Amino acid sequence: MREIDVLIIGGGPAGLAAAVAAKKAGIDNLLILEREEHLGGILRQCIHNGFGLQAFGEELTGPEYAQRYIDMVEELKIPYQCETMVLSVSNDKVVTSINPKEGLQQFKAKAIVLAMGCRERPRGALGIPGWRCAGIFSAGTAQRFVNLEGYMPGKKVVILGSGDIGLIMARRMTFEGCEVKACVELMPFSSGLKRNIVQCLDDYNIPLLLNHTVVDIHGKDRVTGVTIAEVDRQTKKPIPGTEQYIECDTLLLSVGLIPENELSVGAGVSLARSTQGPVVDETYQTNVEGIFAAGNVLHVHDLVDFVSEEAARAGEAAAKFVKGSIAKKSDGVPVEEGFGVNGIVPQIIHPELLTEPVKFMFRPRDVYKGARICVDIDGEEVLRGKPHMIMAPGEMASLSVDPELFKKKGDIGKVTVRLEVRA
Amino acid sequence: MRDVIIIGAGVIGCSIARELAKRELDVLVLERKDDVATGGCTKANTAIVHAGYDAKPGTKKAYYNVRGNPMFDQLAADLEFPFIRNTSLVVAFEGDDLQGLYDLFTRGVKNGVPDMQIIDETTLRKLEPNIGTKARAALRLGTGGIVCPYEMTIALAENAVENGVEFRLLTQVESVRPEDGHWVVKLASGEELKTRIVVNAAGMYSDVFNNMISSHKFEILPRRGEYYMVDKTFKDAFNATIFQLPTDKGKGILVSRTVDGTVLLGPTANDIDDKEDTRTTAAGLAEVLEHASMTWNNIPTRNFIGTFAGIRPRPSNGDFWVGEPDDAPNFFNAAGIESPGLTSAPAIAEDIAKWITERLNAKMKENFNPKRKAIPKFRELSNEERAELIAKDPAYGRIVCRCETVTEGEIREAIRRPLGARNLDAVKRRTRAGMGRCQAGFCTPRVVAILCDELGLDPTEVTKFGGESALLTGRIGNRKED
């Protein structure tokens, strides 16, 4: 069994940034395992631009952004194996993988960074009635067909859900001569970025139908149309009499992303219900000592730039853990989601160990105007952020908090992050 | 002149084909679809090997069910398809008349069902800690089991081919007529085939062929059943298949894990007009949820991975049609085989094969090979076996379906076999690629590529399930052509 200091599972943006950071922090015995044929993860099929504004101060395409990190990995001579699927991770950090060349391998890792990304929610998860015909694709699958394989999944398209991949595909399919008839969203707001609504729907006169859903899929062999209906804002149930038939040959689904944590669970990692990713502390360490997590496997991000930043911190922490410079931890203080806050990360902090600001990230539960992010310690407000013009579930919110704020409080029972909205 | 033509390659047709393959006979199976096991009944049912308490004593359903059930152990071992005797429970809930359980018990005794007990709430909760709070007692059926119906059918068909049976897929039968003491089977293509014996295993359409040649007419009435599927994370939620005690309000919705760990909730029972209408409906799915939640109080709706509907070929007289109509000798019906048809299939096949053998004076083959090797299931192998397999063929070192851990090697093997997969769903039924929690999101492009590589297809020719179900509409950059 090969011993590895830092083993990184996943060679997408999170895994690459974690590896680069771990190497720079002095770890030479590290390895990236990537299931696809190439490094870069899902960015390889994201050929649109808009990546890197935060990280590099310039606008890159997905493959260009990934290449920046792949180049760093190559320059730093960080070893990696592609076409390598991890089959299991044990609680004592034995990782079993297969690939066609090396066959079945087992590694004993001192630290692991989980960077497996996420998957798309399928139709089945929604229970949309109708035929189970060809022509129903998750937006990411369609994106792969178009951008990597060069094939079109259809001509007349309806998109259910307004996640970013769906929005991007609305524009991409339009570029390829498709008629994108509508983007149908169950919620009263989009779950995608504002800029994508503007640049991918509005610019091409594609209607965004909020408070609507698909209630029937027609077509025995191939989709011939869908029936959509308005939903009740509270119950989300279709309102009888509002049904409309839309003729189409393709239904794309962009109805949410689910962190891929089957390996994490197998290793004994606890997941948070709201993020569906691991519960981590300020160093992105999970409840299993030496197992860290970053990127979309931890929580679904909006911008890859933040994935890289987060993963770099996780990679550095993993390096410190291997070198023994992360002190023995207490149980830590729980971080709770207060009003308007969904999917807080980290969920635990160790005030006594903090050396740098804690970056809290979360999704607003709803659309809020003029909301402030506030932090309470044991019910007492200790921080009140500046008001935000607008906050929405499609855009990640974050707040960095000075560690001194926690240290000077002494014994802390819990920390709450919440939004305050003026009445 | 053929000895036997079997119409239909569902579980019944393939069971009979494999049984006839043991004899020195020239057997041809005709199937209108491009794969076996694709009908609304074989492909999409509850996948249960029933104990046999349910059917009315004296019926063919009761007889073949109780005879078929114990045949599964040997069959599954010989043909390497998944089968688990996980037991069944019929559960009575608060407010139900417990007499109902005793009535079923009595019926089971009359049908000859072994290993039945009525168990009290304490015992029930010990067996099934997750059973709903209103559960009060149950009938336990030790012989109840679960099976993979399409894998079983594919295994039967492959073994039949191995032993000399011929299959013609994409071959629709238009009519059957008698001529000079034999039968003429006319295909939709116009071609006519002569045969001594016809076996009618046409599932939903078995009434059509029977009614062409016999005055004993019946109708097959399609009855649709809708299901939810829960991710295999919950495979251990229940050990047994959990039925609900039928009441005047309905037959109840069951909760059953499949041999692959997915948990099924369903089915509904709605009579419909169209024999092909496998749509799911909002009302049907809601009904499943409502009733299943009695058995499983906190159904993990967040972990639903899919829904589907199957069609049961309900015979108008309520019982199976097995055997020759007295006015059409050498025409054997295996028709109207609705539930418990899957369980009954081996016994029905045994009888039909016996009758045909007697009629044609057929000899047993000396070199019949009863064994069929399954496609290796990478997900179920030990690490040593995995390493060995990859060393032999590196394609087994490449995972195509992440959710179900299916390798490229398995997919290639599924395509290369006799009666091999020709489309996405056929690959799925043989390997489970695409059946997991992402429902083929990741593996679809890769399975398409493998199908193209193996079969010399262009990606635009690859279908989901044959016919007009092409996945892709063309190359990119061809917008002017539209």
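A: Let us begin with the interface. Two residues are in contact if their C-beta atoms, placed from the backbone, lie within 7 Å. Here the contact takes 42 residues from chain A and 46 residues from chain B. The model is predicted: local features need pLDDT of at least 70, side-chain atom pairs count only at pLDDT 80 or more, and totals for chains, interfaces and linings use all residues. Residues are numbered from 1 along each chain as its sequence is written, while chains are lettered from A and ligands numbered from 1 in the order in which they are written.

Q: Which element gives the most to the side of chain A that touches chain B?

A: Helices (H or I, at least four residues) and strands (E, at least two) are DSSP runs, numbered from the N terminus. The elements of chain A that give two or more residues to this side include β8 (103–114) and α3 (139–149). The most comes from α3(A), with 6 residues.

Q: How do the residues of that side divide by class?

A: Ala, Val, Leu, Ile, Met, Phe, Trp, Tyr, Cys and Pro count as nonpolar, Asp, Glu, Lys and Arg as charged, and the others, Gly among them, as polar. The side of chain A that touches chain B has 17 nonpolar, 12 polar and 13 charged residues.

Q: Which strand of chain B is joined to β11(A)?

A: Two strands pair if DSSP finds at least two bridges between them. β11(A) and strand β23 (residues 474–475) of chain B run antiparallel and are joined by 2 bridges. Met152(A) stands opposite Gly474(B) in β23(B).

Q: What is the strand order in the open sheet of 3 strands in chain B?

A: The order is β3-β8-β4, with antiparallel pairing. Because β3 (48–49) and β4 (83–84) of chain B stand at the edges, each with a single partner strand, one side of each is left without a neighbour in the sheet. Between β4(B) and β8 (residues 145–147) of chain B there are 2 bridges, and Phe83(B) stands opposite Val147(B) in β8(B).

Q: How is a nonpolar core read, and which residues have the most contacts inside the largest one?

A: In soluble globular proteins, nonpolar side chains tend to be buried together. A residue is buried if 20 or more other C-beta atoms lie within 10 Å of its own, exposed if 12 or fewer, and partly exposed in between. A nonpolar core is a set of buried Ala, Val, Leu, Ile, Met, Phe, Trp, Tyr and Cys residues joined through C-beta atoms within 7 Å. The largest has 162 residues, and Val6(A), Ala18(A) and Phe292(A) have the most contacts inside it. Helix α7 (residues 304–322) of chain A supplies the largest share of this core, 10 residues. A second, separate core of 116 residues includes Val113(B) and Ile356(B).

Q: What does Phe292(A) touch?

A: Not counting residues up to four places away in sequence, the residues that Phe292(A) touches include Ile112(A), Leu114(A), Tyr284(A) and Ala317(A).

Q: Why does the radius of gyration of chain A agree with that of a compact globule?

A: The radius is taken over C-alpha atoms, and the globule rule is 2.2 Å times the number of residues to the power 0.38. With 423 residues, a compact globule would have a radius near 22 Å; chain A has 22 Å, so the two agree. Its C-alpha trace spans about 60 × 60 × 40 Å along the principal axes, and 54% of the residues of chain A count as buried.
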